[in-house]
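Visitor: I am new to this structure and would like a friendly tour. Could you show it to me first?

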Amino acid sequence: MTKSKINLLGLNQEQLTGLLATFGENLYRTKQLMQWIYKYQQFDFNKMLNLSKKLRQQLQESACIEIPKVVKQDNALDGVIKWVIDAGAGNFIETVYIPEKDRGTLCISSQVGCSLACTFCSTGMQGFNRNLSAAEIIGQVMMANLYLQDKGKRISNVVFMGMGEPLLNEKAVYPACDLLLDDLAFGLSRRKVTISTSGVVPALLRMADRIPVSLAVSLHAADDNLRDELVPINQKYPIQELLAACKVYLNAGTQERHILFEYVMLDGVNDSSAQGKKLAILLKGMSAKVNLIPFNPFPESRYKTSKKVTIEKFQDVLFAANIRTTTRSTRGEDVDAACGQLAGKIIDKTKRTKK
Ligand code: SAH
Ligand code: SF4
């Protein structure tokens, strides 16, 4: 049984060095071990022949390299791939691959469910179950990479935009980011790894110093009244506090930083030109870009997607204020590749058969 064994996929370079030090090994060994795992994708300690027999045995006894169990894979017609992963105890998480002309983005989950209950989000509607471990987070990337590389495809970007709020799981998300950036692991540049948050301000302030990845902020409304309703964590950390933390993030680090503000377009709720103008005023002078996300409907939701012309009008208001704005294209619709949807369906099915 591997239950009590430590899954090495969850350890960043420093943590792995700490573990190996308990066996009397040094940094040189960490590098060899990481090469086996990430470069050669060799998960059998016995085949790591440049490690001593004694170390291989010690690793065998106390550690493992385990990839999450995929229970369902859907390939959409547009190339989007969605995996549903068994998170134990009847829970599921999802990972989505979105190929584009010049890149391949992997959207990963950080928690099973989410406690923040945004009213337009199906993950939020499921409630919170538990945090994922760093090994389960990196496991999603490893699993997808193993599948994609065989097909000649590549993960160029990783975004924490699957299920869960990454900044409520800092303990696992930061070491996972370390590994995504580490040349001995996935070696992605800091611009190609994005944490998306609904605005957990104290964690955002810590993140600004701890990890040099890109930031996306789920704003979705330009005034506190509406944001309190759509993104309830706004009642605790209102817009001005959130934007102040965003400014700290922008000024931290040694390289130039930008923020992507996400804005889900909900018909008749947050999509008027007046609201667009308010948004432009809020973001004035910030190193920011806005991404308008057409709302992805799901059965229990009370919202509708904004009309195409309304989205275009809203975008024009932002353009007029010189704010860089893009509209996210809807992808993978035939496999429900929106946040939390497929995992939600599986849970429903389980409930139905239990009745
Ligand atoms: N918890 C984090 C990251 C996961 S959600 C966050 O909220 O930022 C990733 C993005 O998907 C967020 O911008 C979120 O607001 C958006 N989202 C959630 N449900 C959606 C839906 N039904 N349609 C469109 N976007 C949605
Ligand atoms: Fe959680 Fe993000 Fe969904 Fe809000 S949008 S409920 S923070 S996963």
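Visitor: How many residues of domain 1 and of domain 2 are in contact with each other?
Guide: Welcome! This is a predicted model, in which local features need pLDDT of at least 70 and side-chain atom pairs count only at pLDDT 80 or more, while totals for chains, interfaces and linings use all residues. Residues are numbered from 1 along each chain as its sequence is written, chains are lettered from A and ligands numbered from 1 in the order in which they are written, and side-chain values use heavy atoms, leaving out hydrogens and water. The chain is divided into domain 1 (6–64) and domain 2 (70–354), with bounds from an automatic or database domain assignment. Counting contact as heavy atoms within 4.5 Å, the answer is 13 residues of domain 1 and 16 residues of domain 2.

Visitor: What distance separates the centres of domain 1 and domain 2?
Guide: The centres are taken over C-alpha atoms. Between domain 1 and domain 2 the separation comes to 33 Å.

Visitor: What is the mean pLDDT of the chain?
Guide: pLDDT is the predictor's confidence in each residue, from 0 to 100. In this chain, 94% of the residues reach 70 or more, and the mean is 93.

Visitor: Which residues have the most contacts inside the largest nonpolar core?
Guide: A nonpolar core is a set of buried Ala, Val, Leu, Ile, Met, Phe, Trp, Tyr and Cys residues joined through side-chain atoms within 4.5 Å. Buried means under 20% relative accessible area, exposed over 50%, and partly exposed in between, with a 1.4 Å probe and protein chains only. The largest such core has 108 residues, and the most contacts inside it belong to Leu8 and Phe261.

Visitor: Which helix gives the most to this core?
Guide: Helices (H or I, at least four residues) and strands (E, at least two) are DSSP runs, numbered from the N terminus. The core draws at least three residues from each of domain 1 and domain 2. With nine residues, the helix that gives the most is H5 (residues 134–150).

Visitor: How many residues are in the other core that lies apart from it?
Guide: Among its members are Ala76, Val96, Ala216 and Val335. The count for this other core is eight residues.

Visitor: How far apart are the ring centres of Tyr263 and Phe314?
Guide: Rings of Phe, Tyr and Trp (its six-membered ring) pair if their centres lie within 6.5 Å; planes under 30 degrees apart count as stacked, over 60 as edge-to-face and the rest as tilted. Tyr263 in strand E12 (residues 259–265) and Phe314 in helix H11 (residues 308–320) are 51 residues apart in the chain, and both are buried. Their planes stand at 35°, a tilted pair, with a centre-to-centre distance of 5.0 Å.

Visitor: Which residues form one aromatic cluster?
Guide: Phe295 and Tyr303 make an edge-to-face pair, 6.1 Å centre to centre with 80° between the planes. Both of these residues are buried. The cluster consists of Phe295, Phe298 and Tyr303.

Visitor: The charged end of which residue sits over the ring of Tyr147?
Guide: A charge sits over a ring if NZ of Lys or CZ of Arg is within 6 Å of the ring centre and within 35 degrees of the ring normal. Arg257 lies over the face of Tyr249, at 4.5 Å from the ring centre. Over Tyr147, 4.5 Å from the ring centre, sits Lys151.

Visitor: Is Thr197 buried or exposed?
Guide: Thr197 belongs to strand E10 (residues 193–197). Its contacts beyond four places in sequence include Glu165, Leu167 and Leu215. Because its relative accessible area is 0%, Thr197 is buried.

Visitor: Is Asn322 buried or exposed?
Guide: Asn322 lies in the loop between H11 and strand E14 (324–327). This residue has a positive phi of about 65° although it is not a glycine. Because its relative accessibility is 72%, Asn322 counts as exposed.
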